[in-house]
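Trainee: I have a new structure to read. Please show me how to go through it, one feature at a time.

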Protein chains: 2
Amino acid sequence: MEKVKKRSDCPISCSLDVLGDKWSLLIVRDLLEKQQSTYGDFLKAEEKIATNILATRLQMLEENGIISKLDHPESKAKVLYKLTKKGIDLLPIIVEFGFWADKYYTIDKGKKAALREIKKDKETFIKTTIQDLKKGLEKG
Amino acid sequence: MEKVKKRSDCPISCSLDVLGDKWSLLIVRDLLEKQQSTYGDFLKAEEKIATNILATRLQMLEENGIISKLDHPESKAKVLYKLTKKGIDLLPIIVEFGFWADKYYTIDKGKKAALREIKKDKETFIKTTIQDLKKGLEKG
DNA sequence: CTTTGCACTTGCAAAATGAAAGTAAAATTA
DNA sequence: TAATTTTACTTTCATTTTGCAAGTGCAAAG
């Protein structure tokens with residue numbers, strides 16, 4: 001449990017010092033879905049983040065203990081990014097974002113179906129997914 | 001259910017076109033907590049948003065159907081901002097932000113206690129709060 | 001009828017963004 | 001082994017956004 005830097009008390013304020021940015025949240029979402037990504041994977045993502053912005057966001061998320069940089073097992077030229085426990089615990093927020101978007105916007109069928117499944121037993125899904133992701137941390 | 005504008009499918013992307021900004025989320029949070037606010041109320045908030053930024057964010061949130069501008073019952077000089085149903089449905093996201101911040105940052109005792117209460121029966125809290133807020137819409 | 005309060009708008013310097021090109025090390029290919 | 005490609009960034013620079021301060025215009029209060 002770190003101490004908050006700037007703002008003293010309001011929960012959402014201190015979260016948003018780190019996460020109040022589209023790109024940060026998209027990086028987190030990608031990592032929740034894929035467990036790990038390389039720099040190039042992020043660049044290839046649908047949302048087309050600029051490379052300099054990606055670099056600063058990755059650095060910022062790492063400094064704030066949300067992601068960590070690891071050696072790629074297959075190549076020294078590659079870097080693996082993974083969520084830390086703190087980052088994994090953002091899953092409920094991302095899930096709720098998904099439900100909300102599903103209700104008010106048009107999203108693709110695959111995502112819609114996935115969300116419908118999750119909705120059937122949200123708490124269990126979140127619990128087991130977080131567990132799995134945190135297990136993945138110990139090994140890799 | 002509106003159609004998404006820019007991005008076609010990914011749930012979080014389309015949410016973040018509207019919400020991927022610290023100030024937008026803080027405005028939503030304020031309105032969830034206080035039901036309604038004037039322009040001045042937002043300015044007085046702890047986070048110290050600049051007045052021009054506040055104006056553009058309010059306009060943007062209104063254009064996206066998340067808040068609505070109403071006449072103040074007591075004065076023509078004042079304006080009341082309230083969440084729409086779409087805006088009220090953001091409550092789960094804000095609540096999850098709160099839990100996450102509570103876990104990883106230092107937040108004040110009052111907020112901490114409130115979150116602890118909510119945690120005891122999160123689903124009921126969210127359901128009844130959303131109900132209350134939506135009732136408030138019909139009247140006011 | 002002047003002053004105060006309220007909801008903005010405007011102007012401007014500073015910072016952040018985004019597109020494109022560049023760099024350096026590692027891996028692959030010739 | 002040399003040349004090329006891949007990978008993860010960094011740099012540059014024009015454009016956009018931010019943040020601060022001051023201003024505007026209408027409503028209400030004194």
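Trainee: Which element gives the most to the surface near DNA strand C?

Mentor: First, the idea of near: a residue is near a strand if one of its heavy atoms lies within 4 Å of it. Here α4(A) gives the most to the surface near DNA strand C, with four residues. Helices (H or I, at least four residues) and strands (E, at least two) are DSSP runs, numbered from the N terminus. This is a predicted model, in which local features need pLDDT of at least 70 and side-chain atom pairs count only at pLDDT 80 or more, while totals for chains, interfaces and linings use all residues. Residues are numbered from 1 along each chain as its sequence is written, chains are lettered from A and ligands numbered from 1 in the order in which they are written, and side-chain values use heavy atoms, with hydrogens and water left out.

Trainee: Which elements each supply at least two residues of that surface near DNA strand C?

Mentor: Chain A supplies them from α4 (51-63).

Trainee: Which residues come nearest to DNA strand C?

Mentor: There are 19 residues around DNA strand C. N52(A), R57(A), K76(A), G40(B) and Y81(B) come nearest.

Trainee: How do the residues of that surface near DNA strand C divide by class?

Mentor: Learn the classes first. Ala, Val, Leu, Ile, Met, Phe, Trp, Tyr, Cys and Pro count as nonpolar; Asp, Glu, Lys and Arg count as charged; the others, Gly among them, count as polar. The surface near DNA strand C has eight nonpolar, seven polar and four charged residues.

Trainee: What part of DNA strand C do the atoms within 4 Å of the protein belong to?

Mentor: Of those atoms, 64% belong to sugar or phosphate. The rest belong to bases.

Trainee: What counts as a polar contact?

Mentor: A polar contact is a pair of N or O atoms within 3.5 Å. Within protein, one must be able to donate a hydrogen and the other to accept it, and residues adjacent in sequence count only if both atoms are side-chain atoms. Now the cases on DNA strand C. For V79(B), a backbone N or O atom lies 3.2 Å from a phosphate oxygen of DNA strand C. S75(A) uses an N or O atom in its side chain, 3.5 Å from a phosphate oxygen of DNA strand C.

Trainee: Which residues come nearest to DNA strand D?

Mentor: Of the 19 residues around DNA strand D, they are G40(A), Y81(A), N52(B), R57(B) and K76(B). Sugar and phosphate make up 61% of the atoms of DNA strand D within 4 Å of the protein. α4(B) gives the most to this surface, with four residues. The side chain of Y81(A) has an N or O atom 2.3 Å from a phosphate oxygen of DNA strand D. For W23(B), a side-chain N or O atom is 3.3 Å from a phosphate oxygen of DNA strand D.

Trainee: What is the strand order in the sheet of chain A?

Mentor: Two strands pair if DSSP finds at least two bridges between them. In chain A, three strands form an open antiparallel sheet in the order β1-β3-β2. β1 and β2 of chain A stand at the edges, each with a single partner strand, so one side of each lacks a neighbour in the sheet. Two bridges join β1(A), residues 36-37, to β3(A). Five join β2(A) to β3(A). S37(A) stands opposite Y81(A), and D71(A) stands opposite V79(A).

Trainee: Why is β3(A) largely enclosed?

Mentor: Buried means under 20% relative accessible area, exposed over 50%, partly exposed in between (1.4 Å probe, protein chains only). Four of the five residues of β3(A) are buried, so the rest of the structure largely encloses this strand.

Trainee: Which strands does helix α2 of chain A lie across?

Mentor: Axes are lines fitted to C-alpha atoms, for helices over the stretch in contact (heavy atoms within 4.5 Å), and angles run from 0 to 180 degrees between N-to-C directions. Helix α2 (residues 22-34) of chain A lies across β1, β2 and β3 of chain A, at about 95° to β3(A). α4(A) lies across β2 and β3 of chain A, at about 105° to β2(A).
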